[in-house]
Amino acid sequence: MKLLVILALTVAVVLGKKCNKGTDSSALTEETCTGEVSTCTSPVFVEYTGMSSQAYGCGECTDANTCSQCTTTDTTACNTAVSAPAEAKTFDCYAYTYDETAKKWNAAAKATTCNAKKDTAVKCNSPGEKAEKAYTQNNGGCGACAAGTVDAKTCVECEKTGCNKSSAATFAFVLVPLMAAIFNLL
């Protein structure tokens, strides 16, 4: 009897746990994990950026914001294909880069497609009047500004698709120095 228990445990360890592997939910392959792996990983839908780049595979998540993990079995992979919620919506926002020569922020010529759940507010962000060249725009312009950046005036937010196209930001960059110059003349 002890021999059968040991044999069964050995077979379970040799067979290993099952996980789906791949980078695309439409092309997953079920594979046996090596070692003592008991969890599988898969991507998740992230507000404003869409499906994360997390691959399907064996192991544990390193970032709970972009990865989901489940406990798997010897017979069936637990990390089934996932996709964006059916009611997800898309909208456009603009990413910005700093022009070292002109010493200003410029919006990209083409908008970034942002992804959000149905009830999530449309929101874009762009560099604010005090954004220096080291400033990093949050989510390529999609979603809210990073915490504290609105109060620091390094980021501005707006709430319509495409609303962060350079006109508002450029207006702020031009208006603030102009107002300062006028104030100093008075």
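The legends below describe close-up views of a predicted model.

Local features are given where pLDDT is at least 70 and side-chain atom pairs where pLDDT is 80 or more, whereas totals for chains, interfaces and linings use all residues. Residues are numbered from 1 along each chain as its sequence is written, and side-chain values use heavy atoms, with hydrogens and water left out.

View 1. The structure holds eight disulfides, a disulfide being a pair of cysteine sulfur atoms within 2.5 Å. A disulfide is a covalent bond between the sulfur atoms of two cysteines. One of the eight joins C61 to C67, with an S to S distance of 2.0 Å. The link of C61 and C67 is left-handed, with -65° about the S-S bond. C67 has a relative accessibility of 6% and therefore counts as buried; buried means under 20% relative accessible area, exposed over 50%, and partly exposed in between (1.4 Å probe, protein chains only).

**View 2. The disulfide of C93 and C124.** The sulfur atoms of C93 and C124 are 1.9 Å apart and form a disulfide. The torsion about this S-S bond is -75°, and the link of C93 and C124 is left-handed. C93 belongs to strand β8 (residues 89-93) and C124 to strand β12 (residues 124-127), so that the pair links distant parts of the chain, 31 residues apart. Strands (E, at least two residues) and helices (H or I, at least four) are DSSP runs, numbered from the N terminus. The relative accessible area of C93 is 0%, and C93 is buried. C124 is likewise buried, with a relative accessible area of 0%.

**View 3. The disulfide of C114 and C142.** C114 is joined to C142 by a disulfide with an S to S distance of 2.0 Å. Because the torsion about the S-S bond is about -75°, the disulfide of C114 and C142 is left-handed. C114 sits in strand β11 (residues 112-116) and C142 in the loop between β12 and β13 (155-158), so the pair ties together parts that are 28 residues apart in sequence. Both cysteines, C114 and C142, are buried.

**View 4. The surroundings of S42.** S42 is part of strand β3 (residues 39-43). With a relative accessible area of 6%, S42 is buried. Leaving aside residues up to four places away in sequence, S42 touches Q54, A55, Y56, T66, C67, S68 and N79; contact means heavy atoms within 4.5 Å. Among these neighbours of S42 is C67, which is joined to C61 by a disulfide.

**View 5. The aromatic pair of Y48 and F91.** Three aromatic pairs are found in a search of the whole structure. In the pair of Y48 and F91, the ring centres are 6.1 Å apart and the planes lie at 85°, so the pair is edge-to-face. Y48 is in the loop between β4 (45-46) and β5 (50-51) and F91 is in strand β8, so the pair ties together parts that are 43 residues apart in sequence. Y48 and F91 are both buried. Rings of Phe, Tyr and Trp (its six-membered ring) pair if their centres lie within 6.5 Å; planes under 30 degrees apart count as stacked, over 60 as edge-to-face and the rest as tilted.

**View 6. The aromatic cluster of Y98, W105 and Y135.** Y98, W105 and Y135 form one aromatic cluster. Within it, Y98 and W105 make an edge-to-face pair, 5.3 Å centre to centre with 70° between the planes. Y98 counts as partly exposed at 25% relative accessibility, whereas W105 is buried, with a relative accessible area of 6%.
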